[in-house]
Amino acid sequence: MLAGGLGTRLRERVPNLPKPMAPVAGRPFLEYLLDSLHSSGCTEVVLAVGHLWQIIEAHFGSRYRGLELRYAVEDVPLGTGGAVAWGAVQFADKSEDLLVLNGDTFLDVDFARVFDFHRAASSLLTMVLRRVDDTARYGAVIVENGCVSRFAEKGVSGPGLINAGTYVLNPLIFSRFGLKGSFSMEFDLLQRHCAVLRPAAFVTQGNFIDIGLPEDFERAQAALPEWTS
């Protein structure tokens, strides 16, 4: 799970915490994500951390509700792709398919179903997509024959599918495309190599919120307890 961002847009509301620890209805946001993983049968989580990561470790330690937690600490910012690759190194089986989540996004979906879909698709990578009324903030994802074919620019209004920040992938995918060090998951892997990857598209209407913007962080205060009760 990517939990190392600086959270600059949320800094005014949460100045002294890493973004995944932002309080939502009296609980760290990250607890909601870990609860969701636990409910889907997950047993092991690697947190790719950087900014103020010690606060996360001090709160959770090495276990949470039966989940084994490990920390992949970035000495320098690695970007979203580099952080995933670094986190994957912490697993014993370096060739096992992994579920990747953003630590500032909640998506109400059964992750076990996503894994089953991924295996049935025989894909190198599966993207979880969410249908929304307006894709302008995120940029639209275009799907053809069950696979992601291209990405539209941000700023174009209208309904469509967006990247929900949840993937299943094999970590060997990074070396296959010569990616190492600091790089972007979205631009250097997904967009640049989309034609070869043809990511499988898992579409969901599950509840979704990204707390990166102050207005959505405020909306999460009421929405998340309702969704997870």
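Figure 1. The model holds 2 cavities of 30 Å³ or more, a cavity being a set of points, on a 1 Å grid over the protein atoms alone, where a 1.4 Å probe fits but cannot get out. The largest cavity has a volume of about 70 Å³; a volume is the space filled by probe spheres set on the grid points, which are joined across faces, edges and corners. Its lining consists of Leu33, Ser36, Leu101, Asn102, Thr105, Phe106, Leu107, Phe111, Ala164, Gly165 and Thr166, where lining residues have an atom within 4 Å of a point. H1, strand S7 (105-107) and S11 each give two or more residues to this lining; helices (H or I, at least four residues) and strands (E, at least two) are DSSP runs numbered from the N terminus. By class, 6 of the lining residues are nonpolar, 5 are polar and none is charged. Here Ala, Val, Leu, Ile, Met, Phe, Trp, Tyr, Cys and Pro count as nonpolar, Asp, Glu, Lys and Arg as charged, and the others, Gly among them, as polar.

This is a predicted model, in which local features need pLDDT of at least 70 and side-chain atom pairs count only at pLDDT 80 or more, whereas totals for chains, interfaces and linings use all residues. Residues are numbered from 1 along each chain as its sequence is written, and side-chain values use heavy atoms, with hydrogens and water left out.

**Figure 2. The largest pocket.** This pocket has a volume of about 1300 Å³, a pocket being an open set with protein on both sides within 12 Å along at least five of seven lines. Of its 45 lining residues, Arg9, Thr80, Asn102, Asp104 and Glu186 are the closest to its centre. Helix H3 (79-88), strand S11 (160-169), helix H6 (185-191) and strand S13 (208-210) each contribute at least two residues to the lining, which comprises 19 nonpolar, 16 polar and 10 charged residues.

**Figure 3. The second largest pocket.** About 590 Å³ of space lies here. Among the 26 lining residues, the closest to the centre are Cys42, Glu44, Phe91, Leu98 and Leu99. The lining of this second largest pocket divides into 18 nonpolar, 4 polar and 4 charged residues.

**Figure 4. Packing of helices H1 and H2.** The axes of H1 (residues 29-39) and H2 (residues 53-60), lines fitted to C-alpha atoms over the stretch in contact, come within 12 Å and cross at roughly 55°. Leu30, Glu31 and Leu34 in H1 meet Ile56, His59 and Phe60 in H2, contact meaning heavy atoms within 4.5 Å.

Notes. Axes fitted to C-alpha atoms, helices over the stretch in contact; angles between N-to-C directions.
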